[in-house]
Amino acid sequence: MASALLVISTSTELIRVPQDRVIFIASNGNYSTITTGGGDELVVTYQLGQIEAMLASQFGDDDDTFVRIGKQLIVNMNYIHYINISRQKLVLKDYSDQKYELSASREALKQLKALFEDER
Amino acid sequence: MKDDNEKINERNDDDVVRIIRHDKPQSGKTDRRNDGKQAATTTKKPLFHRYWFIIVLVLLVIALVVMIAITVSHRTDRRPSGENYNVATKYTRNPEPVAEPIRDLPGYAEFNDTVVNDIPLQVITPHDAFAQLIVGESTVTRQDASIVLAVKAADFSQSGQGEWHIVGDFAAGEFISSKGENKDGYCAIVDSVITVGVDASPVEFNHAKDMGGYFFRNVPLVKDGALVDTNPKGKGYRRALCQRDSSTFVVIARSKESFHDFSQALADMNIDNAISLLGGECVSGWAVGKDDSVLEIGTAPATFPEKCVNYIVWKSK
């Protein structure tokens, strides 16, 4: 089955990205940078909070694909590969085994770890 | 020992973790719950209702106060006639020494007064000068003899945490920032070529950053010869950075005008693109004429946060 599409529209552009291609989205001041599989980056003229609202409205109520981590990140849960709380390290790994090393607060990583442990 | 709720309240935004679902609150600003579960929203509804009721009430009171203030100011706002309207700018002949030797440099600013749609305007055109963006009040000094025209450029604002920042995308060499609401109007200076335009996309900002140039944003006034009418209401001493054909100049309203009237006047001057510069009555810059006369832009003394004050400055070649 084809993956749902994230559609981002501005006054001059329209971007369509399959949900499972989105690895993570990082805040970049007034903009957000969407990193897709293979390490490609798309800069969009929306703040991260606005992107979060789009994800929530475009995907279903039962969709647990994305998680907001702190002020800076939205991460695709399916690609979370490694969490190290003491080193504040979060590593994502996409389907082509490319790794993305991110950083988040200890408290956030603790909660994220607990989230996965609860799911087991 | 503190209970769990107190601990949650102490956590800052960096510690928030929540799964993004359709029925979750989306502001991203007020949701400090961190349990990753969505069920908590249902029990909070009555509290939110009360909260919103208070906010609406406060907004209504503010709106009432603003309406009264506008009515009172409208009654007292009488446009002065003749020379008396010139309160936002001031000419000085033989002022305190700006710096020596100013006349050894070819650059100067040309001043022209005009009236468009009953709005008295001053047009300041720099000649034999190149533009750049400079941050810091103390770094733009009248002792710098090369400065032909200096005028405050991007707006600045205070965050909820009391921190001052320049509003919108901004680049001046090493100083790069992108905070607060972006206005669509922009000015980019790359390789000494100045471009004034209206575009919300980050393309020009990224280009200016990459090229080590200068960039700031402000309220758009004229786009491709037509006025842009999506601006804040109210009247003030408006200033604009304008481009017509290949010429770049600053236009100052010498009477208080709305953005709409000011933009219309600029469009009627056949200006191609124009964006607002920091306005008001406060000291905002100066220009040096060919005969050493100095035009003060804004006359009311004011103190601004040093790291946010920014000028677009034309220096003599």
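Biologist: Why is Q88(A) called partly exposed?

Modeller: The relative accessible area of Q88(A) is 26%. Buried means under 20% relative accessible area, exposed means over 50%, and partly exposed lies in between (1.4 Å probe, protein chains only). Q88(A) is therefore partly exposed, at 26%. This is a predicted model, in which local features need pLDDT of at least 70, side-chain atom pairs count only at pLDDT 80 or more, and totals for chains, interfaces and linings use all residues. Residues are numbered from 1 along each chain as its sequence is written, chains are lettered from A and ligands numbered from 1 in the order in which they are written, and side-chain values use heavy atoms, with hydrogens and water left out.

Biologist: Why is S192(B) called exposed?

Modeller: S192(B) has a relative accessible area of 54%, and so counts as exposed. S192(B) sits in the loop between β11 (185-190) and β12 (193-198) of chain B, and has a positive phi of about 65° although it is not a glycine.

Biologist: How do you know that β11(B) and β12(B) pair?

Modeller: Two strands pair if DSSP finds at least two bridges between them. β11(B) and β12(B) have six bridges, in the antiparallel sense, and V190(B) stands opposite V193(B) in β12(B). Their hairpin has two residues between the strands, and D191(B) takes a positive phi near 55° there.

Biologist: Which strand of chain A pairs with β1(B)?

Modeller: Strand β6 (residues 66-69) of chain A pairs with β1(B) in the antiparallel sense, over three bridges. R68(A) has R18(B) as its bridge partner in β1(B).

Biologist: What makes E52(A) and R18(B) a salt bridge?

Modeller: A salt bridge is a side-chain nitrogen of Lys or Arg within 4 Å of a carboxyl oxygen of Asp or Glu. The closest N and O atoms of E52(A) and R18(B) are 2.7 Å apart, and the pair forms a salt bridge. Across the interface of chain B and chain A, the rule finds one salt bridge.

Biologist: How many residues does each chain bring to the contact, and how much area do the chains bury?

Modeller: Contact means heavy atoms within 4.5 Å. Chain B brings 31 residues and chain A brings 32 residues. About 2500 Å² is buried between the chains, 51% of it on carbon and sulfur atoms; buried area is the accessible area (1.4 Å probe) that two parts lose on being put together, summed over both.

Biologist: Why is V43(A) called partly exposed?

Modeller: V43(A) has 37% relative accessibility, and therefore counts as partly exposed. V43(A) belongs to strand β5 (residues 40-44) of chain A. Not counting residues up to four places away in sequence, V43(A) touches Y31(A), S32(A), T33(A) and P202(B).

Biologist: Which residues of helix α5 (residues 259-268) of chain B are buried?

Modeller: The buried residues of α5(B) are F259(B), F262(B), S263(B), A265(B), L266(B) and A267(B). N270(B), with a positive phi near 65°, follows α5(B).

Conventions. Helices (H or I, at least four residues) and strands (E, at least two) are DSSP runs, numbered from the N terminus.
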